[in-house]
Amino acid sequence: MELNGQTVLVTGGAGFIGSNFILYLLEKYKNLKIINLDKLTYAGNLENLKTVEDDPRYSFIKGDITDPAVVGQVMVGIDIVVHFAAESHVDRSVMNPAEFVMTNTVGTQVLLDAAVKHKIKRFHHVSTDEVFGSLPLDLKLKFNEDSHLKPNSPYAASKAGSDLLVRAYYKTFGLPVTLTNTSNNYGPYQFPEKFIPLVITNLLEDKKVPVYGQGINVRDWLWVKDHCRGIELAITKGRLGETYCLGGSEDMINNLVVIKKILKIMGKDESYITYVKDRPGHDLRYAIDSSKAEKELGYRPTIKLDEGLEMTVKWYKDNQGWWQRVKTGKYQTYYKKQYGDMG
Ligand code: NAD
Ligand code: DAU
């Protein structure tokens, strides 16, 4: 499907990936309109979209996706929905699962109802590889579109519920949907509760960096703009009702290795590494087999981790005001609760 000429509702567009996606679309497509519906939770930040706030193609509505009245109004005149809005941090889902079920599962169902009612041309659902659970440290094993749902955290379970609802609305109501399940993103505008920006900003503050357990957990790191491109491809080239798994470009890089790479880029030694209590239900390894997306969509990540980390460190160095404003107030309360007196 063609994106130019469409009106696109982006939910959660003030968050990390949603804001990168809006900037990506506005740069690439001259003739499209974007409406950003976001509740502005602690993770939503309109500063991310400062460069486009006066762009006539872009508008922002503050609202909650769990509110059928708001969603019903916003859906009028929309052609395509790209659904990012979610509670996204696993550690917070351990502290407060209910909020995750409400936004991620119920919120998705509210959006789906409105999308059916307003005969939306496409509903694209942005989901995660965490719905598939955890892999052992065996290079041969990867998640793909046929992997079983085996979520291990309330976050992952709430996202798995949303994936199933999207599928059901395709089968039952004929809503034209596509889905993507993606690995760990990193890059500009990521909230510093997540691993990579937490490590970088702590080091910029000359603070220790917390490693859960032994640091042997493996993630499949994906540069955020490569994810945005993957979503664009799924919308423009994907088959209706299909799921596409989008992975990063490297295998078997554990958390300790990621920290050491960042320490090297920032010219710091390993004394900053602090081992802390492990996350309950901590998934050991994620890895995605993207071959379906490669074959059907032409998806291919372009940025390797070393290059992406260099760019990410540079971004956080160049945008100290952005993260310093975010790391105040409620963030400090959360940090203390999660990490105690780690420093
Ligand atoms: P984020 O936490 O940075 O942003 C989430 C956004 O959703 C925020 O702007 C927040 O204000 C908004 N939001 C939360 N609850 C809302 C509600 N009830 N109504 C309206 N808006 C609400 O998240 P992110 O990292 O950008 O992730 C975006 C999406 O991508 C999520 O669905 C997540 O599950 C998925 N995903 C993330 C990753 C990753 O590595 N970050 C990987 C794969 C998939
Ligand atoms: O795989 C996709 C998922 O990636 C997304 O669906 C989630 O929204 C996103 O938050 C991310 O989940 P993770 O739990 O993998 O990301 P996080 O950045 O929280 O942690 C990455 C790894 O680093 C994980 O093994 C836990 C570890 N970690 C994390 C933090 C915050 C630490 O060792 N120390 C920390 O302080």
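## Isoleucine 262

Isoleucine 262 is buried, with a relative accessible area of 0%; buried stands for under 20% relative accessible area, exposed for over 50%, and partly exposed for values in between, using a 1.4 Å probe and protein chains only. The model is a predicted one, in which local features need pLDDT of at least 70, side-chain atom pairs count only at pLDDT 80 or more, and totals for chains, interfaces and linings use all residues. Residues are numbered from 1 along each chain as its sequence is written, chains are lettered from A and ligands numbered from 1 in the order in which they are written, and side-chain values use heavy atoms, with hydrogens and water left out.

Isoleucine 262 belongs to helix 8 (residues 255-265). Helices (H or I, at least four residues) and strands (E, at least two) are DSSP runs, numbered from the N terminus. Beyond the neighbours within four places in sequence, isoleucine 262 is in contact (heavy atoms within 4.5 Å) with Ile196, Val199, Ile200, Leu203, Leu309 and Val313. Threonine 312 is 50 residues away from isoleucine 262 in sequence, with 9.7 Å between the two C-alpha atoms.

## Nonpolar cores

A nonpolar core is a set of buried Ala, Val, Leu, Ile, Met, Phe, Trp, Tyr and Cys residues joined through side-chain atoms within 4.5 Å. The largest one has 52 residues, and Phe21, Ile34, Val82 and Ile262 have the most contacts inside it. Helix 1 (residues 16-28) gives the most to this core, with eight residues. Apart from this core lies another, of 22 residues, including Leu9, Ala85, Val110 and Leu111.

Isoleucine 34, leaving aside residues within four places in sequence, has contacts with Val8, Val10, Ile22, Leu25, Leu26, Arg57, Tyr58 and Ser59.

## Helix 4

Helix 4 (residues 97-117) has 21 residues and spans 30 Å from first to last C-alpha, close to the expected 30 Å; the expected span is 1.5 Å times one less than the number of residues. Helix 4 bends by about 30° at glycine 107, where the bend is the angle between axes fitted to the seven residues ending there and the seven starting there. Just after helix 4, lysine 119 has a positive phi of about 50°.

Among the buried residues of helix 4 are Phe100, Asn104, Gly107, Val110 and Leu111. The buried residues of this helix pack against strand 1 (7-11), helix 2 (68-74), strand 4 (80-83), helix 3 (90-95), strand 5 (122-128) and helix 5 (154-173).

## Serine 93

Serine 93 lies in helix 3 and is buried, at 0% relative accessibility. Not counting residues up to four places away in sequence, serine 93 touches Phe100, Ser153, Pro154 and Tyr155. A polar atom of the serine 93 side chain is 3.1 Å from the backbone nitrogen of tyrosine 155.

## Ligands

Ligand 1 is surrounded by 28 residues, the closest being Ile17, Asp38, Ser88, Tyr155 and Lys159; a residue counts if one of its heavy atoms lies within 4 Å. Oxygen atoms of ligand 1 lie 2.5 Å from a side-chain N or O atom of aspartate 38, 2.8 Å from a backbone N or O atom of phenylalanine 84 and 2.6 Å from a polar side-chain atom of tyrosine 155.

Ligand 2 has 24 residues around it, the closest being Asp129, Glu130, Tyr155, Arg279 and Tyr339. Oxygen atoms of ligand 2 lie 2.8 Å from a polar backbone atom of phenylalanine 195, 2.7 Å from a polar side-chain atom of arginine 219 and 2.6 Å from one of tyrosine 339.

Definitions and conventions
A polar contact is a pair of N or O atoms within 3.5 Å; within protein, one must be able to donate a hydrogen and the other to accept it, and residues adjacent in sequence count only if both atoms are side-chain atoms.
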